[in-house]
Protein chains: 2
Amino acid sequence: MIHTKILPPAASAYEYPLLVKNLLLTTLHYEPDNEIVYRDRIRYDYRKLNERIHRLANTLAAAGLQPGETAAVLDWDTHRYLECFFAVPMMGAVLHTVNIRLSREQILYTMNHAEDKVVLVNAEFLPLLESIKDELTTAKTFILLHDDNTVPSTNLPFIGEYEALLAAAPTYYNFPDFDENSVATIFYTTGTTGSPKGVYFTHRQLVLHTLAGSTTLGSYETTVRFRSNDVYMPITPMFHVHAWGIPYIATMLGTKQVYPGKYEPEMLLKLLIQEKVTFSHCVPTILHMLVSSPLAQTVDLSQWKVIIGGSALPKGLAQAAADLGIQLITGYGMSETCPILTLTYLKERILSRGTPEEEITYRTKAGLPIPLVQLRLIDEEGKVLPHDGVSTGEIVVRAPWLTQSYFKETALSDQLWQDGWLHTGDVASVNLEGYVQISDRLKDVIKTGGEWVSSLEIENLMSQHEAVSEVAVIGFPDERWGERPGALVVLKPGCHMAVADIKTFMYGFVQQGKINEWYIPDRIIFTQAIPKTIVGKIDKKRIRAEMAATLQRAM
Amino acid sequence: MIHTKILPPAASAYEYPLLVKNLLLTTLHYEPDNEIVYRDRIRYDYRKLNERIHRLANTLAAAGLQPGETAAVLDWDTHRYLECFFAVPMMGAVLHTVNIRLSREQILYTMNHAEDKVVLVNAEFLPLLESIKDELTTAKTFILLHDDNTVPSTNLPFIGEYEALLAAAPTYYNFPDFDENSVATIFYTTGTTGSPKGVYFTHRQLVLHTLAGSTTLGSYETTVRFRSNDVYMPITPMFHVHAWGIPYIATMLGTKQVYPGKYEPEMLLKLLIQEKVTFSHCVPTILHMLVSSPLAQTVDLSQWKVIIGGSALPKGLAQAAADLGIQLITGYGMSETCPILTLTYLKERILSRGTPEEEITYRTKAGLPIPLVQLRLIDEEGKVLPHDGVSTGEIVVRAPWLTQSYFKETALSDQLWQDGWLHTGDVASVNLEGYVQISDRLKDVIKTGGEWVSSLEIENLMSQHEAVSEVAVIGFPDERWGERPGALVVLKPGCHMAVADIKTFMYGFVQQGKINEWYIPDRIIFTQAIPKTIVGKIDKKRIRAEMAATLQRAM
């Protein structure tokens with residue numbers, strides 16, 4: 001380290017720590033009348049939000065939650081969850097956003113591994129929690145979350161119901177200052193083999209992610225911006241990377257926020273229209289579900305801006321959304337990265353002189369690294385690859401908001417942070433203009449005849465056939481080529497197709513020079529549904545495990 | 001300090017420091033074709049800016065500048081200065097932005113006090129530098145800044161001219177990582193008694209000021225926003241609090257930037273029009289000069305957005321600017337605060353239902369504290385006052401970008417940071433909606449009959465008389481009341497007025513209940529010009545020293 005000039009502060013100077021509580025400073029004086037809405041049940045303004053955060057902290061302190069200890073939440077996307085996003089870290093405690101879509105065993109594992117002390121649980125998950133309660137090693141105190149004020153019959157020793165406890169709690173809590181590197185949140189990520197892995201974020205990281213995220217979404221003048229007069233509704237779960245961190249941005253900006261509870265297409269569309277939602281984010285699967293809903297054809301969605309992330313956005317789906325007037329862009333990131341790394345930015349060149357097709361292309365790419373993000377491509381030996389639009393390698397990154405390790409997993413942490421760069425496990429190219437194009441998960445790349453073929457690229461092209469609703473491509477073992485691509489296809493209702501039809505369709509792209517002939521899947525299976533992970537991504541691990549044999553038998 | 005959870009990072013995890021160099025990451029891939037323009041002389045794109053920053057660092061390293069050492073710049077607002085804003089701190093060195101409007105003795109004092117090693121000097125200031133060269137204790141190496149490539153005759157031992165040195169330097173410099181708390185910039189503030197005081201800012205502070213500033217200017221949807229497709233031209237000097245930090249924001253966003261050199265009304269207006277400038281900032285005096293220029297009446301200024309700061313914006317001037325279509329807002333801050341603390345935000349309520357007069361009122365208030373800023377009012381005993389629109393006290397603040405001390409001035413630093421809050425010396429009220437209204441400098445408040453009367457408020461009302469061009473109000477000693485207000489008035493060309501006229505005009509405000517009768521100045525002097533400080537603020541210290549006697553004799 002070089003020797004720079006570092007000066008001692010004045011004896012009484014305040015060395016400002018970056019703490020989550022400071023994101024609330026603006027909410028009481030910008031537009032405090034803006035509302036927090038929960039389904040068609042509850043609405044209140046930012047003054048009330050502040051008061052309820054204070055009441056919640058008093059409730060949790062009375063429940064015995066100490067700074068440094070962990071409080072777990074098992075809930076859908078609610079105003080209560082938003083309150084926990086602030087109150088728990090602001091006390092100096094850690095918020096564990098439990099992934100309620102994991103299996104019973106995995107949830108038990110994560111709650112013990114995270115050392116949860118106080119558990120806030122939605123009544124819907126009582127049977128689950130009752131079934132694991134005797135195996136919980138650290139959790140002793142339970143608070144009931146319930147839309148009604150009734151207490152369901154349960155053998156869990158609840159200290160009370162959330163609303164009743166808040167109503168009885170004092171309205172002021174003296175939120176302390178502490179080290180900005182204190183852990184604020186933890187949650188678990190699955191996906192590869194082994195137990196779920198805990199990723200955690202500090203106050204400093206959340207504040208910096210919030211500032212860089214809001215600057216990117218607000219100050220770069222292009223399509224799909226998120227600003228203080230937007231109306232926000234998350235449609236990626238709050239337990240999943242803090243709903244991409246957008247609730248922190250929305251709260252700092254004082255926007256109206258709408259929390260939809262459990263995701264039900266009818267409720268989502270109803271809230272979209274009634275609350276005049278203008279900004280959301282979701283995975284392609286949810287967008288597909290909404291766009292395919294008959295209700296979607298009957299309402300005006302032209303004011304709705306959506307960031308798509310979590311997995312690649314197929315062009316066909318992007319076009320279907322565009323046909324409904326929905327304004328889409330793409331983001332890229334992962335649990336380990338807080339998550340935002342890149343976002344679509346349509347350059348002046350594209351907006352003023354690009355074709356509609358070019359615009360869709362750039363809306364479905366992963367975009368550009370946002371401020372403070374350093375992004376590199378490396379090959380299998382760790383050598384840095386050029387950003388030439390051709391070279392394809394693993395994305396490695398640096399940013400001020402990346403998890404610094406997997407909680408209590410030294411070996412995996414060292415792998416994640418090999419050579420001082422966070423290894424994403426994603427394969428991409430970056431073109432001369434800086435646009436990142438994710439081609440695949442490192443583990444999903446199909447290695448055929450010495451070449452790397454992107455399963456996502458094949459899916460993208462196949463999805464453009466008018467009869468195709470969804471498609472998944474994996475590599476299956478092949479004696480001669482090592483691997484060959486195989487595809488699972490879900491047809492649109494009322495459509496039918498032969499294997500030869502889709503192969504002919506794909507051959508069209510070969511003739512256009514878009515792909516080589518060996519990209520065309522050897523084997524194609526038509527199916528009713530494609531296996532998905534709990535967060536709605538195509539579950540290629542399961543497809544490989546369950547379908548490789550069928551694919552090998554297929555034509 | 002409470003005991004929170006702090007976890008060790010993975011052994012090879014990258015602990016990302018907030019460094020000025022990271023603000024440049026985006027510039028090469030968002031809109032790298034956007035230009036940096038210097039007057040009608042030079043224009044180049046962001047690729048070139050990056051290259052020139054690397055060349056400059058190599059030039060300075062070859063000149064012997066070491067990390068931790070200080071490089072001084074004496075220049076007008078140029079593309080070269082922008083390059084220094086980045087290259088010097090990015091090397092780990094300190095940039096001293098020399099206030100060229102100080103006296104010879106003060107400049108000498110600041111250059112020795114800051115321990116400048118390398119000096120970059122515009123040819124215009126050669127006579128000055130030559131006159132102090134033998135008294136400089138640390139500066140030994142000089143680089144010439146000159147719009148032509150000629151070398152003027154001088155006895156200073158220049159190592160070369162800036163452009164020639166850059167042309168000969170390598171295009172890549174390996175900018176190192178270092179502690180984010182390293183000092184990046186230093187400059188000197190005057191205004192009260194004694195020697196100029198050095199305020200300094202670290203890399204962390206500049207990055208956080210940039211992010212919070214861009215979020216405030218970009219993500220809050222109201223009038224006068226600064227976004228990536230704006231065209232920026234500073235009209236507060238770059239030596240003065242880094243031109244309010246906006247060049248750092250503009251560069252991160254990759255906007256087109258226009259540097260006007262020495263401020264000359266004709267050149268400023270020419271650049272405004274020819275380069276399609278949309279965003280600037282300046283002090284009221286400069287705005288007054290531009291608005292009063294005959295040329296201003298002949299051009300379209302309706303695309304120009306301006307932040308006014310440095311001193312209060314009189315409503316009369318705000319109206320004159322509005323009449324030309326200029327969109328104004330107000331900012332508040334000071335050298336010690338990097339500087340932004342508050343900015344105008346027009347609430348939905350005002351924009352949708354406010355009268356034009358109400359809008360002007362809110363545009364001329366100091367606005368709302370921006371994200372992460374904590375602002376309090378305290379009385380003379382340090383007691384915290386309510387934000388009720390009535391209570392008036394000194395503003396004290398906390399933010400992540402406040403100077404942590406005056407350089408090598410322990411006693412003054414302790415005063416500045418008394419009780420852990422930075423004392424601004426400004427007197428204000430804050431209303432129930434959070435709007436800050438600066439009423440005066442603590443030392444300019446007029447204490448009459450036990451009441452505090454704001455000299456600014458009186459100036460503001462007097463400036464609304466149609467014959468008044470400028471006005472300055474001070475307190476002069478009075479045996480009975482302690483102090484009484486006295487006013488200096490500059491009339492508009494071709495206007496004339498008696499003392500009784502303006503008193504009658506002011507009495508109108510008494511009848512409207514806006515002020516009490518004792519606010520009306522006892523003594524009024526008509527004058528050709530009001531003494532100003534070197535940064536264009538009304539110099540009340542000098543007025544008190546030179547004019548109190550005349551005021552006492554006046555009617």
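Arg104(B) is partly exposed, with 26% relative accessible area; on this scale, buried means under 20%, exposed over 50% and partly exposed in between, using a 1.4 Å probe and protein chains only. Its partner in a salt bridge is Glu135(B), with 2.7 Å between the closest N and O atoms. This pair links distant parts of the chain, 31 residues apart: Arg104(B) sits in helix 3 (residues 104-113) of chain B, and Glu135(B) in the loop between helix 4 (126-132) and strand 6 (141-145) of chain B. Helices (H or I, at least four residues) and strands (E, at least two) are DSSP runs, numbered from the N terminus. Glu135(B) is partly exposed too, at 40%.

A note on the basis: this is a predicted model, where local features need pLDDT of at least 70 and side-chain atom pairs count only at pLDDT 80 or more, while totals for chains, interfaces and linings use all residues. Residues are numbered from 1 along each chain as its sequence is written, chains are lettered from A and ligands numbered from 1 in the order written, and side-chain values use heavy atoms, leaving out hydrogens and water.

A salt bridge here is a side-chain nitrogen of Lys or Arg within 4 Å of a carboxyl oxygen of Asp or Glu. Here are some pairs to look up:

| Salt bridge | N to O distance |
|---|---|
| Glu105(A) and Arg104(A) | 2.9 Å |
| Glu135(B) and Arg104(B) | 2.7 Å |
| Arg349(B) and Glu358(B) | 3.2 Å |

Arg104(A) is partly exposed at 26%. Arg349(B) is partly exposed at 26%, and Glu358(B) at 25%.

In chain A, a network of salt bridges links Glu35(A), Arg43(A), Lys256(A) and Glu275(A). Over all chains, the search finds 67 salt bridges.
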